[in-house]
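Take a slow look at the model below.

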Amino acid sequence: MTREELKEQIDELMRQYADEEIDGVTYAQKMMELTPSAQGEKDRD
């Protein structure tokens, strides 16, 4: 995923949260899934 694609996904998540389409827990979970460090953690399991 490119930086631009990542930024677009984060922007969409923030919009969904701001519009109350998703709750805070879902927002945090999806944001963590997008971060490279979280991806690395998942791969080690």
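Is glutamine 16 buried or exposed? Keep that in mind while we set the ground rules. This is a predicted model, in which local features need pLDDT of at least 70, side-chain atom pairs count only at pLDDT 80 or more, and totals for chains, interfaces and linings use all residues. Residues are numbered from 1 along each chain as its sequence is written, and side-chain values use heavy atoms, with hydrogens and water left out.

Now the answer. Glutamine 16 is buried, because its relative accessible area is 18%. The cut-offs are simple: buried means under 20% relative accessible area, exposed means over 50%, and partly exposed lies in between (1.4 Å probe, protein chains only). Glutamine 16 is found in helix 1. Set aside its neighbours within four places in sequence, and glutamine 16 is in contact with Glu21 and Ile22. Contact here means heavy atoms within 4.5 Å.

Step back to the whole protein. It has 3 helices and 0 strands. Along the sequence the pattern reads α-α-α. Both kinds of element are DSSP runs, numbered from the N terminus: helices are H or I with at least four residues, strands are E with at least two. The protein has 45 residues, and 13% of them count as buried.

Next, follow two helices. Helix 1 covers residues 3-18 and helix 2 covers residues 24-34. They pack at an angle of about 175°, with axes 10 Å apart. So helix 1 is roughly antiparallel to helix 2. Axes are lines fitted to C-alpha atoms, for helices over the stretch in contact, and angles run from 0 to 180 degrees between N-to-C directions. Under 35 degrees counts as roughly parallel, over 145 as roughly antiparallel, 65 to 115 as roughly perpendicular, and the rest as oblique.

Who makes the contact? Helix 1 brings Leu6, Gln9, Ile10, Leu13, Met14 and Tyr17, while helix 2 brings Gly24, Tyr27, Lys30, Met31 and Leu34.

Pick out isoleucine 10, which lies in helix 1. Its relative accessibility is 23%, so isoleucine 10 counts as partly exposed. Apart from neighbours within four places in sequence, isoleucine 10 is in contact with Met31 and Leu34. Isoleucine 10 and methionine 31 are 21 residues apart in sequence, yet 7.0 Å apart in space, C-alpha to C-alpha.

Now look for rings. The whole structure holds 1 aromatic pair. Tyrosine 17 and tyrosine 27 form this stacked pair, 4.8 Å centre to centre with 25° between the planes. Rings of Phe, Tyr and Trp (its six-membered ring) pair if their centres lie within 6.5 Å; planes under 30 degrees apart are stacked, over 60 edge-to-face, and the rest tilted. Tyrosine 17 lies in helix 1 and tyrosine 27 in helix 2, so the pair ties together parts 10 residues apart in sequence. Tyrosine 17 is partly exposed at 40%, and tyrosine 27 is partly exposed at 21%.

Finally, visit the loop between helix 1 and helix 2, where glutamate 20 is found. Most residues other than glycine have a negative phi. Glutamate 20 has a positive phi of about 60°, although it is not a glycine. At 70% relative accessibility, glutamate 20 counts as exposed.
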